[in-house]
Amino acid sequence: MKIVTHDDRFHADDVCAMATLIIALGDQITEVIRTRDEQIIQSADIVFDVGNVYDPTSNRFDHHQVEGAGTRENGVPYASFGLVWKKWGEHICGSQVVADMVDQKIVQPIDAHDNGYAFVEYLYDDVREYSINSICASFGATWKEQDRYDEAFMEVVHVLEKIIRREIKNAQDKAEAIPLVEAMYERAQDKRIVVLDEYYPWSDTLQKYTEILYVISPNKQKTIWRINATQDSLFVNRKDLPQEWAGLRDADLVRVSGVEGAIFCHRKLFMAAATTKESALLLAKKAIES
């Protein structure tokens with residue numbers, strides 16, 4: 001299959017679209033051409049981020065046309081990454097649930113950015129997050145270097161291919177944990193504290209239950225049990241751990257909390273840790289009562 005995208009500078013949108021096609025099609029891809037030549041575009045099997053056409057039946061995935069290429073139900077507009085993902089995501093993820101998880105985590109922010117929408121409100125005028133867009137930009141030529149966009153494009157494509165594969169694996173395993181975490185919630189007698197018996201990813205599953213104040217979960221070896229405060233927004237706890245625990249460790253935390261096995265409390269009061277499940281549960285109960 002001959003794949004065509006635009007030449008010159010590249011961005012996270014077209015880089016990730018190409019990486020997705022490699023994951024989806026593998027050895028079926030025989031040629032990748034970066035051009036704006038209309039004749040070459042017309043001859044391609046797949047075209048993305050160029051051509052002014054969105055038609056998944058003919059494998060045309062551009063979003064620069066006047067009418068755009070549509071928006072998701074939540075209002076995030078599609079860019080070429082999202083359009084390619086929309087067609088092949090379920091195939092490469094094994095389920096639509098996993099594909100949607102990856103779409104929400106990595107595809108939508110890149111699509112929004114490419115369409116001129118910001119997801120981040122900066123706290124500091126002179127500081128910006130280092131993002132996938134930043135990674136892609138770093139592979140472009142500086143003002144002192146000779147342009148080598150085609151070669152650099154494929155270099156960063158292979159970097160992002162690895163990242164996307166990891167995000168697929170992360171989402172697959174997280175999806176498998178969802179019913180297990182839900183079961184732990186259902187079994188909890190006091191819904192303010194949910195105790196997990198394994199090192200499950202739980203945040204996306206349990207944050208939606210507003211009655212939960214603390215989640216207790218072990219590390220993989222079950223040598224440390226953490227108490228995490230649930231949050232209504234980033235770093236805004238529904239209920240802080242007790243202020244007098246802030247930053248304390250080991251004997252100091254045991255003395256102040258009265259709980260043997262307590263080993264640490266974060267100074268921002270969103271997490272504490274203990275050596276046993278029983279100690280962690282006791283810390284959580286004391287926090288509830290504080």
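I began with an aromatic cluster: Phe10, Tyr149 and Phe153 form it. I keep in mind that this is a predicted model.

Next I looked up the aromatic pairs. The count comes to 7. I checked Tyr54 and Phe61: the ring centres are 6.4 Å apart and the planes stand at 45°, so I noted the pair as tilted. Tyr54 is partly exposed, at 26% relative accessibility. Phe61 is buried, at 0%.

I then turned to Phe235 and Phe270. This aromatic pair is also tilted, with 6.4 Å centre to centre and 50° between the planes. Phe235 sits in the loop between β9 (231–233) and β10 (236–237), and Phe270 in the loop between β11 (262–265) and β12 (271–274), so the pair ties together parts 35 residues apart in sequence. I noted Phe235 as exposed, at 62% relative accessibility. Phe270 is partly exposed, at 22%.

On to the cores. The largest nonpolar core has 45 residues, and Met18, Leu21, Trp85 and Ile164 touch the most other members. I found at least two of its residues in each of α1 (12–25), β3 (46–48), α3 (80–93), α4, α5 and α6 (149–187). The largest share, 11 residues, comes from α1. I listed the contacts of Leu21 beyond four places in sequence: Ile3, Gly26, Ile29, Ile46, Phe48, Val84 and Trp88. Another core, of 23 residues, lies apart; Ile216, Leu248, Cys265 and Ala280 are among them.

Last, the surface. Phe119, Val120 and Tyr122 make a nonpolar patch of about 280 Å². I placed Phe119 in the loop between α4 (96–114) and α5 (132–138). Phe119 counts as exposed because its relative accessibility is 52%, and the cut-off is over 50%.

Technical notes
Residues numbered from 1 in each chain as written. Predicted model: local features only at pLDDT ≥ 70, side-chain atom pairs only at ≥ 80, totals over all residues. Heavy atoms only, no water. Patch = residues over 30% accessible without salt bridge, like charges linked within 9 Å, V, L, I, M, F, W, Y side chains within 5 Å. Areas by Shrake-Rupley, 256 points an atom, 1.4 Å probe, with all protein chains shown as cover. Salt bridge = Lys/Arg side-chain N within 4 Å of Asp/Glu carboxyl O. Helix = DSSP H or I, 4+ residues; strand = E, 2+ residues; numbered from the N terminus. Buried < 20%, exposed > 50% of the residue type's maximum accessible area, 1.4 Å probe, protein only. Core = buried A, V, L, I, M, F, W, Y, C linked by side-chain atoms within 4.5 Å. Contact = heavy atoms within 4.5 Å. Phe/Tyr/Trp six-rings, centres within 6.5 Å; stacked < 30°, edge-to-face > 60°.
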